[in-house]
Amino acid sequence: MKTSRRNALKKMTAGTAAVALSGGLTHRITAAENALENGLKGKVNHSVCKWCYKDISLEDLCKESEKIGLQSIELLGVNDWPTLQKYGLTCAMGNGASLGITKGWNDPALHDELVDRYTEIIPLAAKAGIKNVITFSGNRDGMDDETGMINCAKGIRRIMSLAEQHKVTIVMELLNSKINHKDYMCDHTKWGAALCEMVGSERMKLLYDIYHMQIMEGDVIRTIKEHHQYIAHYHTGGVPGRNEIDDTQELYYPAIMKAIVETGFDGFVAQEFIPAREDKLASLKQGVDICNI
């Protein structure tokens, strides 16, 4: 990472603490009050992925999220974290260090660059109170799964001592390679869990995307119960289509949320569906209500 980018990142996070002290506390209290007014039961920590609401500014999504009772807007990088803190929100899954979905840790030629990028962002995330940072395996490109797992583990181990020191979890997302991300390697829960075991750190976990894993392997509730110790975060999405998570699709999310809570999970569940209805924020509130078990 170039020096100019490093300095810019440091300046952004230096201002984050001041913002949090000035306005963040008031907004956190308001968010808590709104959560109670909306009848949120507190068993699930609710988040939303900003990319699903491209037509809504981050400021406006923060305001609406606060009204709904959400605690987080995620998959955002360092430049956006101060805005979240201004509204008393966190970023449950930080972004900005990866090279994208297709280029990841399974390619040893990318390890040095990835190590540099994560070495930069991990301390900044910790300073901003961001507990999770996303990462990706990369595409297979003809590589077998065992070789890819070994390569991923070798690269990720290089950043784990720093992650452990700053108490930041590196979270690899499980994605389907059938429809949305052709050739992506980390496309089954068992592969991801085995990678976590190979890395050998409590700061290496998985992002279990319910939409993606329903497409790839189904058996969602049993899989969650069997592998919950490797899961740091969850994403929602309707199947088929990745739209609203109501009765227009095949999964019954109240049962899935109940299973997640029963594992003792205390992390975040993020709405990552693309609203098909005109009133996108109403769909977001509906998704949160469905997951409010």
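1. The largest cavity has a lining made up of Lys43, Val44, Asn45, Ile260, Val261, Phe265, Asp266, Gly267 and Val269. This comes from a predicted model. By class, five of the lining residues are nonpolar, two are polar and two are charged. The space inside the largest cavity is about 40 Å³. The structure holds one cavity of 30 Å³ or more.

2. Now the pockets. The largest pocket holds about 360 Å³ of space. Its lining counts 18 residues, and Lys131, Asn132, Ala232, Asp266 and Gly267 lie nearest the centre. The classes split into six nonpolar, six polar and six charged. Asp266 and Gly267 line the largest pocket, and Asp266 and Gly267 also line the largest cavity.

3. The second largest pocket holds about 200 Å³. It is lined by 13 residues; nearest its centre lie Trp51, Leu75, Ile101, Glu173 and Glu272. Here the lining divides into six nonpolar, three polar and four charged residues.

4. Look next at helix α6, which covers residues 189–199. Its buried residues are Thr189, Trp191, Gly192, Ala193, Leu195, Cys196 and Val199. These buried residues pack against two strands, β4 (169–173) and β5 (204–209). They also pack against the helices α5 (145–166), α7 (210–216) and α8 (220–227). Just after α6 comes glycine 200, with a positive phi of about 75°.

5. Aspartate 187 deserves a look of its own. It sits in the loop between β4 and α6. Is aspartate 187 buried or exposed? Its relative accessible area is 4%. The cut-off for buried is under 20%, so aspartate 187 counts as buried.

6. What does the side chain of aspartate 187 meet in a polar contact of 3.1 Å? The partner is the side chain of arginine 140. With neighbours within four places in sequence left aside, aspartate 187 is in contact with Arg140, Leu175, Ser177, Met213 and Met216. Of the elements named above, α7 spans 210–216, and the contacts of aspartate 187 include Met213 and Met216.

7. Last, the overall picture. The protein has ten helices and seven strands. Of its 293 residues, 56% are buried. Take the contacts between residues at least 6 apart in sequence: 76% of them join residues at least 24 apart. The accessible surface comes to about 12600 Å². Carbon and sulfur atoms account for 51% of that surface.

Definitions and conventions: Residues numbered from 1 in each chain as written. Predicted model: local features only at pLDDT ≥ 70, side-chain atom pairs only at ≥ 80, totals over all residues. Heavy atoms only, no water. 1 Å grid on protein atoms, 1.4 Å probe; cavity = no way out; pocket = protein on both sides within 12 Å on 5 of 7 lines; lining within 4 Å. Points joined across faces, edges and corners; volume = space filled by probe spheres on them. Nonpolar A, V, L, I, M, F, W, Y, C, P; charged D, E, K, R; others polar. Buried < 20%, exposed > 50% of the residue type's maximum accessible area, 1.4 Å probe, protein only. Helix = DSSP H or I, 4+ residues; strand = E, 2+ residues; numbered from the N terminus. Contact = heavy atoms within 4.5 Å. Polar contact = N/O pair within 3.5 Å; in protein donor to acceptor, adjacent residues only side chain to side chain. Areas by Shrake-Rupley, 256 points an atom, 1.4 Å probe, with all protein chains shown as cover.
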